[in-house]
Amino acid sequence: MKSSDMTDRFTQPESVPRHEERFIASEELARLVMRTAGSHLQLARDDRPYQWSTTAYCDTYDWAVFRAAEAGQALRLRFREYHRTRPDEAFTSARLWLEFKEDTVDMSRKERFEIAGDVVPAFLRGETDLTDGASGLGQKAAELVHAGARPVVVTQYNRLAYAASEDQIRVTADHNLIYLAVPWTMNTDDAVPIRIGPILSRETDVVIEMKWFGELPAWAEELHGYLRQRAPADRPSKFVVAMRHLLGEAKKS
Amino acid sequence: MSGMQSDTNVVVVEDDPASADVLQRRLQANGMSVSVGRTGGDGLALIRELHPDLVLLDVGLPDTDGYDVCLQVKSDSATSDIPVIFLSARGDVFDKVRGLSCGASDYLTKPFHPAELLARVDAVLSQSRRVRGPRLAKPADSVRAGKPTAIVALGDASRKERAELILAPRFEIITAGAEGRAVDLLVVDADANVASQMGNEGPAVLRVAVAGAPASADTVALNDELARIADLAVRERELGRDVDAAADALIALAMAFESHDRSTAGHSERVANRAVAIAKGLGLDSATCQTIRVGALLRDIGNTKLPLGLVRSRSELTAAERKQIEQHPALGQELLAPFRPLSRLLPIVRSHHEHLDGSGYPDGLKAPQIPLEVRIVAVADRFEALRAARADRPAMSADAAVQILQQSVQKGELDAAVVAALATGVRAHDRGEATGS
């Protein structure tokens, strides 16, 4: 697989810091927040309401990605696909999204590729060249793959998302969030699709995420303040929560 | 109500007593058995215990919401086939889509007309009821004499008659449910839902392609070749049983060796049971579970080739003795290798002490070289060893043993998903004990 086999490459701005905050909200509060967001923003194109998002996250055998994420900066390597009903297998889609997402203390960058589902093992064998992007994320991802990164946890949820043009502001609500393990053993072509499970944990409340570049408009500032007052913030990312459950470190959550 | 029968069991999960009562009466009046749970927790317990034909689920519940209950039902392989209908006063498209996306078959908005409820229940039940193969009598205790037996369960009468005619020279044709008769062959339609069976138990099953369609990898054509193929299928089944018998003999040998050592008596059986439970938790098929079970029972058979004093030694091992003990996986492989039909077990026997990071023995394999079946037996073996009392330490609780294994996962030795499946099983068992179920 070469990077030319991939389509729809999209890199988010890297020069502008992106803010990202997560909140755990009750169903009632989440409805209120999303109604407010919906009156100012457009329904997001990728995350149509109540599709199931299935995201498989990769890590190395020494858990380097997780340990870096716990420390606040990591390059996350993940595969995302969408289904109308909840699948019990991952990598079932003909086309899915390969994402490199890098978080540092004050910046977040993401590069996204649409790829064929059946080339995932080849990608994990390192038979690809993603190093030509300007962001340099492809090079870092290649290093992770070389270090043995493979899918280890999966999250599944129904996402409702509203966003401004070019994702200047994005507000998402994730319902029915489930964390699962995935017994990936070898990068052979017949490794996909793979059955996911067991279930590590479920989130009973709703995870709300606000992401934005630059200044927030007044309505969003007000919404953000309202959320901060009523919902626990500083929530770790879904990847970190899932990994804590997987490794028996969930008491930190 | 054509689809409803007196043996239809329904679980209603509804916190409002008046609504639950009305529903219960209405369904019972239509010949159904009804059990009511007032909370999500009660409902789930009833669903797991009764495995009903249908669940009617309210969205607003005191302890959780119906969506979560539905997700749990649909996430559990033991209950995921049970259809769920939501009953809710929430009529937004938002709520309906959410309910259906959780795996429900239908969503009915309150208040509803009783006739509509019954019509929807009937429709969902009709859809979920699958064609089932004929019930087979328990294999007869008596030894079969003469021709092997066959049941032909084809839906079309003329095709059934033709199949019976073709098979008659080589098989004794019997009817489903024949008392005390062992069945060697079952002939069914291509789309019949015949329960899968573990290992080589039960009859050989042949699926007949639909009229006019060519035979495929999974089906046979209804022509004169059927008798020859049926004969081969039955022989292959018998051969499989012989292999199972050989494995049973080896297992008996290994168990006899283990039973001489009181400190480990029964350990292999516990490891095998635990490994199969983990495999099921990971959704592996019954044939793989059987391989894992036999592999777990035979994994230490190489100990029989080591000096007895060394195997039973309770004192601290010297480096040389440890090296010798670490030969048992390779010795086990050597011992079993001549039994070619057992070749699928060899990776388990040889590699169950390997670690994903390459620090195990005897070959220092790394993760991509260690199959899932081997990883499962390795985790089950370590867990049951920690649960047993040793001369130098008492037995550990299940929770403590899981924590130790999770530390091994963090170090990169054991497979994370396999240990997670073990932990899930242990937690479910603890919950069952706590609720007395």
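**Exercise 1.** Find which residues of helix H12 (residues 328–336) of chain B are buried, and work out how they sit around the helix.

*Solution.* This is a predicted model, so keep that in mind throughout.
- Step 1: pick out the buried residues of H12(B), namely His328(B), Pro329(B), Leu331(B), Gly332(B) and Leu336(B).
- Step 2: look at their directions from the axis; they span an arc of only 160 degrees, so they lie on the same side of H12(B).
- Step 3: see what they pack against, which is helix H9 (286–298), helix H11 (319–325) and helix H13 (346–351) of chain B.

**Exercise 2.** Check whether the length of helix H5 (residues 218–230) of chain A agrees with what its residue count predicts, then sort its residues into buried and exposed.

*Solution.* 
- Step 1: H5(A) has 13 residues, and at 1.5 Å a residue it should span 18 Å. The expected span takes 1.5 Å times one less than the number of residues.
- Step 2: the C-alpha atoms at its ends are 19 Å apart, which agrees.
- Step 3: the buried residues in H5(A) are Ala220(A), Leu223(A), His224(A) and Leu227(A). Their arc around the axis is only 100 degrees, so they share the same side of H5(A).
- Step 4: turn to the other side of H5(A), and you find Ala218(A), Glu221(A), Glu222(A), Gly225(A) and Gln229(A) exposed.
- Step 5: the cover over the buried residues of H5(A) includes strand S2 (18–25), helix H1 (27–38), strand S10 (169–181) and strand S13 (206–213) of chain A.

**Exercise 3.** Locate the largest nonpolar core and follow the contacts of Val182(A).

*Solution.* 
- Step 1: start from the general idea that in soluble globular proteins, nonpolar side chains tend to be buried together.
- Step 2: the largest such core here has 115 residues, and those with the most contacts inside it are Val153(A), Val182(A), Ile208(A), Ala275(B) and Val379(B).
- Step 3: leaving out residues up to four places away in sequence, Val182(A) touches partners including Ala56(A), Ala90(A), Val153(A), Ile194(A) and, from chain B, Ala417(B).
- Step 4: another core lies apart from it, with 34 residues, among them Leu23(B), Val34(B), Cys70(B) and Leu125(B).

**Exercise 4.** Decide which element of chain A has the lowest mean pLDDT and which the highest.

*Solution.* 
- Step 1: for chain A as a whole, the mean pLDDT is 86, and 86% of its residues reach 70 or more.
- Step 2: by element, strand S1 (residues 7–11) of chain A is lowest at 51, while helix H6 (residues 238–246) of chain A is highest at 96.
- Step 3: over residues 1–5 of chain A, the pLDDT is below 50.

Definitions and conventions
Residues numbered from 1 in each chain as written. Chains lettered and ligands numbered in written order. Predicted model: local features only at pLDDT ≥ 70, side-chain atom pairs only at ≥ 80, totals over all residues. pLDDT = per-residue confidence, 0-100. Helix = DSSP H or I, 4+ residues; strand = E, 2+ residues; numbered from the N terminus. Contact = placed C-beta atoms within 7 Å. Core = buried A, V, L, I, M, F, W, Y, C linked by C-beta atoms within 7 Å. Buried ≥ 20, exposed ≤ 12 C-beta atoms within 10 Å, placed from the backbone. Arc of directions from axis to C-beta.
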